[in-house]
Amino acid sequence: SHDFTTKQVLSAVSDTLFKYSESKADIVPNAALNYRYNRNGKFLHITLKKNLFFYNGDNVKAKDYVTSLEEVSKNNSQIGYFISTNVRMLKYGEYDIYITLNKPNYHFHKYLSNISISPQKDNIITSGPYYIKFYNEKEYILSRNLYYRNNKKDHLYDDLCFQFKSINDISPKPIFCSHIT
């Protein structure tokens with residue numbers, strides 16, 4: 001379905017604060033350089049890595065993640081409800097995010113691995129390994145983000161295409177494109 005493909009596309013264009021470890025046993029920093037809770041578990045301070053960039057070369061800053069958190073908290077989803085009912089206050093510096101929680105929760109950072117919580121620029125998530133170059137009801141075309149992790153190219157194709165054979169196609173597969181204009 002399109003929901004499966006949408007999740008695949010979001011995973012390719014997102015750069016979450018945290019992610020699952022390779023063993024899938026733990027949540028580890030991704031875009032976050034480090035994080036810490038205060039002693040009572042009601043305050044979380046996250047420091048971002050400084051080598052994070054949108055596909056156009058603009059530096060990702062803490063406010064881009066805070067904007068995403070604020071937007072997600074307004075939507076009618078499980079993660080939106082969780083954020084809106086648990087976060088009392090969001091503040092940020094240039095590369096620091098300060099989250100005050102309504103009650104102690106030393107596991108709150110684990111929810112920040114959700115692909116919906118990625119930095120946004122002009123309401124588009126564009127800071128992951130790929131960005132959306134083109135889309136319509138039949139396909140998505142993603143291009144490699146040349147600024148992602150200092151142009152780290154490990155296992156990245158230049159372009160990815162997700163195409164649907166029909167609206168009921170339940171297992172669309174990415175097509176690895178070498179030359180897209």
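Tutor: The axes of helix H2 (residues 62-74) and helix H3 (residues 78-86) come within 7 Å and cross at roughly 110 degrees. Here the axes are lines fitted to C-alpha atoms, for helices over the stretch in contact, and angles run from 0 to 180 degrees between N-to-C directions. H2 and H3 are therefore roughly perpendicular to each other, a label that covers 65 to 115 degrees. Helices (H or I, at least four residues) and strands (E, at least two) are DSSP runs, numbered from the N terminus.

Please keep in mind that this is a predicted model, in which local features need pLDDT of at least 70 and side-chain atom pairs count only at pLDDT 80 or more, while totals for chains, interfaces and linings use all residues. Residues are numbered from 1 along each chain as its sequence is written, and side-chain values use heavy atoms, with hydrogens and water left out.

Now for the residues that meet. On the H2 side they are Leu-69, Val-72 and Ser-73, and on the H3 side Ile-79, Gly-80, Ile-83 and Ser-84; contact means heavy atoms within 4.5 Å. This set divides into four nonpolar, three polar and no charged residues, where Ala, Val, Leu, Ile, Met, Phe, Trp, Tyr, Cys and Pro count as nonpolar, Asp, Glu, Lys and Arg as charged, and the others, Gly among them, as polar.

From there, look at the core. The largest nonpolar core has 28 residues, and those with the most contacts inside it are Ile-46, Ile-83, Ile-97, Ile-99, Phe-108 and Leu-112. Such a core is a set of buried Ala, Val, Leu, Ile, Met, Phe, Trp, Tyr and Cys residues joined through side-chain atoms within 4.5 Å; buried means under 20% relative accessible area, exposed over 50%, and partly exposed in between (1.4 Å probe, protein chains only). At least two residues of this core come from each of strand E3 (32-37), strand E4 (43-48), H2, H3 and strand E6 (96-101). H2 gives the most, with five residues. Leu-112 shows how the parts join: leaving aside neighbours within four places in sequence, its contacts include Leu-69, Ile-83, Leu-44, Ile-46 and Ile-99. A second, separate core of nine residues includes Ala-12, Ile-125, Leu-142 and Leu-160.

Rings of Phe, Tyr and Trp (its six-membered ring) pair if their centres lie within 6.5 Å; planes under 30 degrees apart count as stacked, over 60 as edge-to-face and the rest as tilted. By this rule the count comes to eight aromatic pairs. Tyr-35 and Tyr-37 have ring centres 6.4 Å apart and planes at 90 degrees, so they are edge-to-face. Tyr-35 is partly exposed at 30% relative accessible area, whereas Tyr-37 is buried at 16%. Ring pairs also link Phe-18, Tyr-35, Tyr-37 and Tyr-106 into a cluster.

Asn-102 is partly exposed, with a relative accessible area of 30%. Although 17 residues separate Asn-102 from Thr-85 in sequence, their C-alpha atoms are 7.8 Å apart in space. Not counting residues up to four places away in sequence, Asn-102 touches Lys-42, Thr-85, Asn-86, Val-87 and Arg-88.

Key:
Angles under 35 degrees count as roughly parallel, over 145 as roughly antiparallel, 65 to 115 as roughly perpendicular and the rest as oblique.
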